[in-house]
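Me: Please take a close look at a single part of this model. I want the helix packing and the sheet beside it.

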Amino acid sequence: MERARGLGVMTSPLHGEDHAFESHRAHLLRCARVAQLGERQTEDLDVPGSSPGPGIMVSETLTASEKVILKILLESKSLFDYELIDVSPLVKEQTLRSVISLEEKGFLNIDEDTWDNYSLTDEGKLYLEKGLPERQILEYLLKEGSKPIKEIKDIFSPEIAGIALGWLKKKGWAKIENGMVVAAGDAEAGSDERILEFIKDTKTTLDEMTFERSELDILKRRGLLDVETQKQKKISVTAKGISWADLNRDILDEELTEITRITPELIRSGAWRDGYIVPYNVTLQAKEIYPAKIHPYQRILDTIRRTFIAMGFIEIKGEIVQSSFWNFDALFQPQDHPAREMQDTFYLDSKNELPEAFVDRVRAVHENGGDTDSRGWGGVWSEEVAKQRVLRTHTTSITIKYLADHPEPPAKVFCIDRVYRRETMDATHTPEFEQLEGIVMDENVSFANLLGCLSTFYHLMGFGDVRFRPGYFPYTEPSVEAEVYVDGMGWIELGGAGVFREEVTKPFGIEVPVLAWGLGVSRLAMIVLRLDDLRKLYHSDINWLKKTRLSETLKY
């Protein structure tokens with residue numbers, strides 16, 4: 001008589017085929033009950049055809065891979081997961097799978113250590129080089145003396161000045177008196193500046209620094225620090241594992257043929273008796289597979305595009321470079337408007353010819369209201385200013401030009417494309433981003449139609465609750481801001497809308513109402529993808545791209 005090693009199954013040639021069948025059946029029953037009983041000893045199992053030896057534990061049925069890992073850890077006592085992967089002769093997946101199995105049997109213990117790595121964002125690196133905004137302005141004030149707030153904004157840009165003024169007052173580096181920014185004197189480097197200098201181009205943990213977590217959190221909220229949580233696992237042998245190894249050294253050192261697949265030939269030949277049948281664990285998590293897929297942001301853009309087309313709209317396109325005439329003047333934006341200043345708009349060193357058919361009408365509307373009931377902006381409208389070429393600051397320049405070329409109703413079009421503004425890059429601003437613009441022109445369309453159209457769009461995009469509140473925009477009246485409700489975030493504003501003013505439409509011969517709206521696509525994408533930094537939409541982060549599920553772009 002012989003026993004299938006490691007299984008305790010008795011066989012005998014005296015009973016021929018019938019007994020071979022019963023032995024195989026007994027073996028399978030034993031494996032099933034072993035899996036059910038877990039760590040209990042099996043010496044009391046009453047399975048026909050089996051006769052386990054005394055003191056044999058269920059855990060004796062270790063796979064060859066589990067034996068290899070257990071022997072390594074018995075020699076080393078404990079190892080970090082990456083150390084075990086390095087010394088193990090097995091592939092990474094097989095090593096980790098064996099560790100999990102041994103932990104389930106109570107032979108191994110896994111302790112997880114978690115810590116944060118701090119590194120500078122692109123903005124943090126910029127301020128490390130040039131100095132924090134408040135430091136830049138303080139040094140300017142110490143050199144040039146007190147200056148009006150407006151002059152500070154003109155020199156450093158409204159964004160930098162807005163950030164700096166608050167921190168200058170908070171740190172006590174300067175005060176504001178009668179609209180003047182007055183320096184309080186020279187100031188030593190603060191903890192925030194010392195943190196930027198300490199981290200530089202490395203990844204640093206809290207333990208490696210002498211700063212408080214609260215000081216790091218301030219820089220994180222300012223978008224100057226990235227925080228990456230790291231995990232490390234330490235694997236050690238338990239007392240149970242050591243005890244089992246001492247009692248079953250022969251089994252630990254024994255080499256068995258592992259049977260991972262039962263075939264008819266294996267059963268007919270009886271070869272299964274000379275090996276260990278590895279049980280299946282159907283509860284183990286399968287290896288994640290990352291298929292090729294469209295970029296998450298592009299999927300959202302495509303979804304928006306399909307939604308408007310399904311609503312009966314036609315997509316239009318236009319040039320990135322526009323004249324100031326179409327980008328500003330045609331939309332009844334005064335030529336001295338702050339949005340047209342150099343710090344907000346990218347101007348090119350060239351000019352466009354103006355459309356002669358519309359120049360005099362637009363001039364009249366700006367200077368005195370023209371044929372409308374408006375009094376215009378007054379002053380003298382300049383053709384030279386209108387000729388200046390710019391990178392379009394909004395896609396409304398595309399839709400107004402379309403209306404000028406197609407003044408007869410009906411029209412139902414949209415444009416989704418990239419626009420450009422001189423923004424300081426941070427977690428919520430980038431100098432280029434996507435904008436969605438749409439118009440409906442027809443007889444008898446009303447403000448109620450506008451609200452209905454936008455509500456339908458947001459509902460089709462998956463947002464259940466939509467509301468509107470009064471707003472102001474230079475070229476629409478009445479105007480509203482559209483908001484959607486997002487669980488955990490509350491009401492989020494996603495864009496503006498309104499009915500084009502007659503100062504916009506009449507110069508182009510349009511005599512019917514025009515409903516118009518503009519929506520921030522990147523903000524919508526941040527909500528859908530649950531991002532806290534707009535720049536992540538454009539970074540080539542392969543790990544994020546792989547792990548963002550396709551369903552993430554369709555969940556609303």
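This is a predicted model: local features need pLDDT of at least 70, side-chain atom pairs count only at pLDDT 80 or more; totals for chains, interfaces and linings use all residues.

Reply: Residues are numbered from 1 along each chain as its sequence is written, and side-chain values use heavy atoms, leaving out hydrogens and water.

Start with helix 6 (residues 133-144) and helix 7 (residues 149-156). Helices (H or I, at least four residues) and strands (E, at least two) are DSSP runs, numbered from the N terminus. The two helix axes come within 12 Å and cross at roughly 120°. Axes are lines fitted to C-alpha atoms, for helices over the stretch in contact, and angles run from 0 to 180 degrees between N-to-C directions. Helix 6 and helix 7 are therefore oblique to each other. Oblique is what remains after roughly parallel (under 35 degrees), roughly antiparallel (over 145) and roughly perpendicular (65 to 115).

Q136, I137, Y140 and L141 in helix 6 meet E151, I152, I155 and F156 in helix 7. Contact means heavy atoms within 4.5 Å. By class, this contact has 6 nonpolar, 1 polar and 1 charged residues. Ala, Val, Leu, Ile, Met, Phe, Trp, Tyr, Cys and Pro count as nonpolar, Asp, Glu, Lys and Arg as charged, and the others, Gly among them, as polar.

Two strands pair if DSSP finds at least two bridges between them. Strand 5 pairs with strand 7 (residues 180-183) over 2 bridges. P148 has M180 in strand 7 as its bridge partner.
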